[in-house]
Amino acid sequence: MTSDCSNDGMGKDSIVEVSDLTVRFGDFTAVDGVSFNVRRGEVFAFLGPNGAGKTTTIRTITTIQRATSGRVVIDGFDIDTHRLEARRRIGIAQQHISLDNELTVAQNIRHHAMLHKIPRSEYRTRVLPIASGLGLDPYMSRRVSDLSGGWKRRAAITCAILHEPSVLFLDEPTAGLDTQSRHILWDLVRDLNAGGTTVFLTTHYMDEAEALCDRVAIISSGRISAIGTVDELRESVGPYTVEVTEGSKVAVTRHPTLEDARAYAESLGDVLCNVRLTNLEDVFLDISGGKCLVDHRCHR
Amino acid sequence: MWITDVIDESYRVAWGDLCHLKSNLLEVLLTGTVGPLLYLLAFGYGIGGSMGGGEEYVAFILPGILALATLSATFSTVSMRTLIQRLFYMSFDELLLCPIHVSAVVVGKTLAGMARVVISCSIILLVGCLIVPDASVNVQTVLILLLSAFMFSLLGFLAGIAVRRTNTLSLISAVVIVPMTFLCGTLFDVSALPSWAASVINVLPLTHVSELVRSAMGSGTVPSDSLAVVFVYTALFFGLCWYLIRTNRC
């Protein structure tokens with residue numbers, strides 16, 4: 001089982017360690033005693049519905065948001081006591097594009113390079129090629145406010161990675177992007193990860209988490225409901241699913257083995273049913289409480 | 001060295017705002033100088049002239065208008081740009097994410113405001129010296145204007161990081177900034193006010209900036225009590241900005 005957070009990465013070579021993190025806004029608890037670790041070199045995802053606490057958690061880990069209580073350590077540096085050292089190791093592309101709309105793309109990138117104290121020579125030889133690699137050359141002299149969402153996102157990611165962070169946080173990186181742009185960003189994440197960058201992303205796209213991530217944490221109402229690899233999460237709810245179509249409704253059951261799923265399907269007699277592998281969306285719906293149509297006989 | 005790091009980082013923080021200022025230079029020239037020049041002409045020649053002391057009155061209000069320019073060229077632009085970067089562009093978050101000292105963020109965000117003051121005051125002084133040939137500008141005057149620009153930029157930055165809505169900024173402007181503009185010894189001698197009003201006005205920073213600039217341009221002296229008040233306000237605004245950023249309360 002992974003829903004007890006037994007596979008939270010503790011004890012491994014962790015680059016992000018979060019212990020009992022709580023963030024409150026007045027009476028509202030956005031993040032409620034969350035603990036987990038992100039292992040060095042992995043792609044880790046926070047999966048959760050809108051308002052689950054994903055963005056607040058990321059903003060707190062990256063020192064933008066103040067925690068009410070708890071501890072966060074980035075690459076060995078506590079963000080409360082060694083804030084600057086922790087920040088040197090962090091890159092973040094926020095959900096809302098956090099570039100200065102009144103400056104050009106080139107000015108935004110240059111400003112970020114200056115803020116991260118990247119020498120001018122290195123800016124020319126290393127940073128500008130990153131922007132070129134993301135296809136930004138034709139847009140460098142245009143104001144950010146004049147760009148489409150996809151190009152703004154690429155400019156923001158350039159700014160987030162130009163100082164070669166150890167861990168890159170991507171908050172809903174593909175929200176609002178077309179399919180082509182999404183796949184370009186997925187390739188970028190894979191390339192960065194292959195180059196040794198740990199990636200921590202939040203998403204509510206199941207296919208994105210399934211395609212990119214080594215491990216996934218499902219967060220709901222500010223708490224982690226489950227954490228593990230996609231296979232482990234699938235295993236936790238039942239790796240095989242039987243879908244039974246009854247009129248306009250589809251009822252699903254989870255099963256521990258393919259034989260069990262087939263036997264169950266055959267036992268239903270002459271009804272329209274489909275036996276398939278459980279996917280991350282199934283896991284997510286089960287764990288986050290969106291399983292109103294899931295049969296309670298499901299095997300766990 | 002901490003201080004050299006902060007100076008270097010302050011410029012890095014300011015770079016974006018200075019780029020913005022450079023690409024909007026005409027707007028900066030107009031917004032920073034038209035108002036003070038209008039005051040100079042309307043109050044100096046208009047009201048002063050109608051009372052029979054035009055040139056003397058212009059000579060009296062020129063230091064006040066310079067003091068006023070350090071407020072008008074900084075507060076609204078620094079506060080509004082900070083607020084927009086914080087609430088709408090979210091680009092202020094990027095400063096909070098960078099490995100730079102909090103002091104550098106505070107100082108850096110005031111530098112563009114100070115640059116605006118240098119531009120505005122240069123033009124006002126140029127016009128003022130044409131109107132009042134006897135006007136003298138010395139090192140003390142320049143340093144006081146820079147100190148005042150720093151103080152009011154800090155006030156603008158403080159407002160920009162503390163408020164949650166643009167309406168609140170308008171309220172601050174209407175309730176604090178506009179009254180200061182007219183009452184703080186820029187256009188008339190504060191001693192002409194009733195004692196209760198003068199005691200209130202004497203608490204406000206612009207009163208002391210007016211006093212400092214007027215003394216520096218007149219006798220070349222720098223009243224230590226007014227200078228102390230300006231330093232106290234500067235330290236207070238700086239401390240509040242530093243605290244709000246350091247504790248992620250902005």
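Two residues are in contact if their C-beta atoms, placed from the backbone, lie within 7 Å. The model is predicted: local features need pLDDT of at least 70, side-chain atom pairs count only at pLDDT 80 or more, and totals for chains, interfaces and linings use all residues. Residues are numbered from 1 along each chain as its sequence is written, with chains lettered from A in the order in which they are written.

**Exercise 1.** Describe the side of chain A that touches chain B.

*Solution.* Start with the count: chain A brings 24 residues to the contact and chain B brings 18 residues. Next, find the elements (DSSP runs: helices, H or I, at least four residues; strands, E, at least two; numbered from the N terminus). Helix H2 (83-88), strand S6 (90-93) and helix H3 (105-115) of chain A each supply at least two residues. H3(A) gives the most, with five residues.

**Exercise 2.** Work out how H4(B) and H6(B) pack.

*Solution.* Take H4 (residues 75-87) and H6 (residues 102-131) of chain B: their axes lie 9 Å apart, at an angle of about 145°. Axes are lines fitted to C-alpha atoms, for helices over the stretch in contact; angles run from 0 to 180 degrees between N-to-C directions. Then list the residues. Thr77(B), Val78(B) and Thr82(B) of H4(B) meet Lys109(B), Thr110(B), Gly113(B) and Arg116(B) of H6(B).

**Exercise 3.** Give the strand order of the open sheet in chain A.

*Solution.* The order is S2-S1-S4-S5, four strands with antiparallel pairing. Strands pair if DSSP finds at least two bridges between them. S2 (28-39) and S5 (77-78) of chain A are the edges. S1(A) and S4(A) pair over five bridges. Thr22(A) stands opposite Ser69(A) in S4(A).
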